[in-house]
Amino acid sequence: DNVYISGTVTINTISTGPAAYVIETNGVLSAGAWADMAEYMPLDSVTIQSGELISARTPTQQEINDELTSESFIGTLSTVAYDEKLIGVVSRIGTPALGIANGDNYKPITLVGRVPVKVSTENGIIVTGDYLTSSTKPGVAMKATKPGTVIGKALENYTNQDPNAVGEILVFVNLAWYDGGITEKLANVFDFQTTSESETAI
């Protein structure tokens, strides 16, 4: 069967490997090796950059009047540690995304997948597999060591000893709640008790 597409067709293959194909809301078909799924969301500033953490808040009446958002929320840089209002990370600019970009302040926010994220060692060095959450640095992630909202897991190490420095590593974004390792600690206690009881029985 024939496939008919109305509008501009753009093939933008950036990898020799298997490509992901996305038909955007503007009728453009894009192909590439993007490793994340993103959705256009309104942000309160056009200066927010790729890799920065975003949280949601209620828009002001002025922002609504200025048509910065047509939604019931607007995204802003996260500025507190373990931010409960985290919604995602700004994806690579130019990444095909779900939804519609209704203005220059609409940017693709990663919902899930691998994407570069800005990080710091504000809460200690980061190793592959660590859960990451927001820090007190605007838009920057840090290692999560207690219960709270996390943005995902680190896929690279970041060991800069300067807690004020900001770097960037690859992260598997998957917004979730982290229990701070309590489950693992309880499991270890249970294993220890079970082992001790077995040795006593013998």
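Is lysine 137 buried or exposed? Lysine 137 counts as buried, at 15% relative accessibility. Here "buried" means under 20% relative accessible area, "exposed" means over 50%, and "partly exposed" is in between (1.4 Å probe, protein chains only).

Before we go on, keep in mind that this is a predicted model, where local features need pLDDT of at least 70, side-chain atom pairs count only at pLDDT 80 or more, and totals for chains, interfaces and linings use all residues. Residues are numbered from 1 along each chain as its sequence is written, and side-chain values use heavy atoms, with hydrogens and water left out.

Back to lysine 137, then. Its side chain meets that of glutamate 122 in a salt bridge, 3.2 Å from N to O. Glutamate 122 sits in the loop between S7 and strand S8 (131-134), and lysine 137 in the loop between S8 and strand S9 (141-143), so this pair ties together parts that are 15 residues apart in sequence. A salt bridge, by the way, is a side-chain nitrogen of Lys or Arg within 4 Å of a carboxyl oxygen of Asp or Glu. Strands (E, at least two residues) and helices (H or I, at least four) are DSSP runs, numbered from the N terminus.

The structure holds 6 salt bridges. Another one of them joins the side chains of glutamate 52 and lysine 118, at 3.4 Å from N to O. Glutamate 52 lies in the loop between strand S3 (36-42) and strand S4 (53-57), while lysine 118 belongs to strand S7 (residues 106-119), so the pair ties together parts that are 66 residues apart in sequence. Glutamate 52 is buried, with a relative accessible area of 10%, and lysine 118 is buried too, at 15%.

Next, have a look at arginine 57. It forms a salt bridge with glutamate 63, and the closest N and O atoms are 2.6 Å apart. Glutamate 63 is buried, at 10% relative accessible area, whereas arginine 57 counts as partly exposed, at 26%.

Glycine 180 is found in the loop between strand S11 (167-178) and helix H2 (182-201). This glycine is buried, with a relative accessible area of 10%. The C-alpha atoms of glycine 180 and proline 147 are separated by 4.2 Å, although the two residues are 33 residues apart along the chain.
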